[in-house]
Amino acid sequence: MIMDIGEIRRQYKYAKDRKKCVDILSDLNDCSTGEILNIVHTKMDDHEERPKPAGWHPTLEQKALMDRLDELDAMIKPLEDEYRRTAAELMRISEE
C-alpha cells in the first residue's frame, strides 16, 4: 500500500504514539523510517509527491482511485479549516 504525503502526515499528526506510528507507516509504505520522518518533518508543496518505489506500476483502477482520494483530500482540507475556526469561535464565546 502506498499512501500519499498528506495521509502520512495526518496519520502521524493524530497518532497517540508517534514512534510506533513511524514504524507502522514505514512498513505500510515499504520504505525506511527515515523516509517517513523526512516526510512528516519537511515542509513540502501540497502538490509534491513522494516518489513511488521502483517497479510499482498502478493499474488504471488503482490510479483512478488514488486520483479520487487526492480530490477528496483537497475537498476535506477547507472543511477541516472551517471546523477549526468554528470550534475556536465557539470556545471564545463560551468563555464570555
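Me: What is the accessible surface of the protein chain, and how much of it belongs to carbon and sulfur atoms?
Reply: It's a predicted model, so take everything as computed from that. The accessible surface comes to about 7700 Å², and 58% of that belongs to carbon and sulfur atoms.

Me: Which elements does the protein chain have, and in what order do they run?
Reply: There are four helices and zero strands. From the N terminus on, the run reads α-α-α-α. Of the 96 residues, 17% count as buried. Contacts with a separation of 6 or more are 52% made up of residues 24 or more positions apart.

Me: Why are the buried residues of α2 said to line one face of the helix?
Reply: Start with the list: in α2, which spans residues 18-28, C21, V22, L25 and S26 are buried. Looking down the axis of α2, these buried residues fall within an arc of 130°, so they line one face. The background is simple: an α-helix has 3.6 residues a turn, so residues three or four places apart point the same way.

Me: Which residues sit on the face of α2 turned away from that buried side?
Reply: K19, K20 and D27, and these are exposed. The buried residues of α2, for their part, pack against α1 (5-13) and α3 (33-41).

Me: What puts the buried residues of α3 on the same side?
Reply: The residues in question are I36, I39 and V40, which are buried in α3. They cover an arc of only 90° around the axis, so they end up on the same side of α3. Their cover includes α1 and α2.

Me: What makes up the largest nonpolar core?
Reply: It has 11 residues: M3, I5, I8, Y12, C21, V22, L25, C31, I36, I39 and V40. To belong, a residue must be buried, of a nonpolar type on the list, and joined to the others through side-chain atoms within 4.5 Å. The elements giving two or more residues to this core are α1, α2 and α3. As a rule, nonpolar side chains in soluble globular proteins tend to be buried together.

Me: How do you know that C21 and C31 are buried?
Reply: Buried means under 20% relative accessible area. C21 has 11%, so it is buried. C31 has 13%, so it passes too. C21 touches Q11, Y12 and A15, leaving aside residues up to four places away in sequence.

Me: Why is S26 called buried?
Reply: S26 lies in helix α2. Its relative accessibility is 5%, and the cut-off is under 20%, so S26 counts as buried. A polar atom of its side chain lies 2.8 Å from the backbone oxygen of D23, which is inside the 3.5 Å limit for a polar contact. S26 also touches C31, S32, T33 and I36, not counting residues up to four places away in sequence.

Me: What makes N29 buried, and which backbone oxygen does its side chain approach?
Reply: N29 is in the loop between α2 and α3. Its relative accessible area is 0%, so against a cut-off of under 20% it is buried. A polar atom of its side chain lies 2.9 Å from the backbone oxygen of L25. At the start of α2, there's another approach: a side-chain oxygen of D17 reaches to within 3.2 Å of the backbone nitrogen of K19.

Me: Why does D30 count as exposed, and what is its phi?
Reply: D30 is in the loop between α2 and α3. At 64% relative accessibility, with exposed meaning over 50%, D30 counts as exposed. Its phi is positive, about 50°, although it is not a glycine. For context, most residues other than glycine have a negative phi.

Me: Why is M66 called partly exposed?
Reply: M66 sits in helix α4, residues 60-94. Its relative accessible area is 22%, which falls between the 20% and 50% cut-offs, so M66 is partly exposed. The C-alpha atoms of M66 and M3 are separated by 9.0 Å, with the two residues 63 apart along the chain.

Technical notes:
Residues are numbered from 1 along each chain as its sequence is written. This is a predicted model: local features need pLDDT of at least 70, side-chain atom pairs count only at pLDDT 80 or more; totals for chains, interfaces and linings use all residues. Side-chain values use heavy atoms; hydrogens and water are left out. Buried means under 20% relative accessible area, exposed over 50%, partly exposed in between (1.4 Å probe, protein chains only). The arc is that of the directions from the helix axis to the C-beta atoms. Contact means heavy atoms within 4.5 Å. A polar contact is a pair of N or O atoms within 3.5 Å; within protein, one must be able to donate a hydrogen and the other to accept it, and residues adjacent in sequence count only if both atoms are side-chain atoms. Accessible areas come from the Shrake-Rupley method with a 1.4 Å probe; for residues, only the protein chains shown count as cover.
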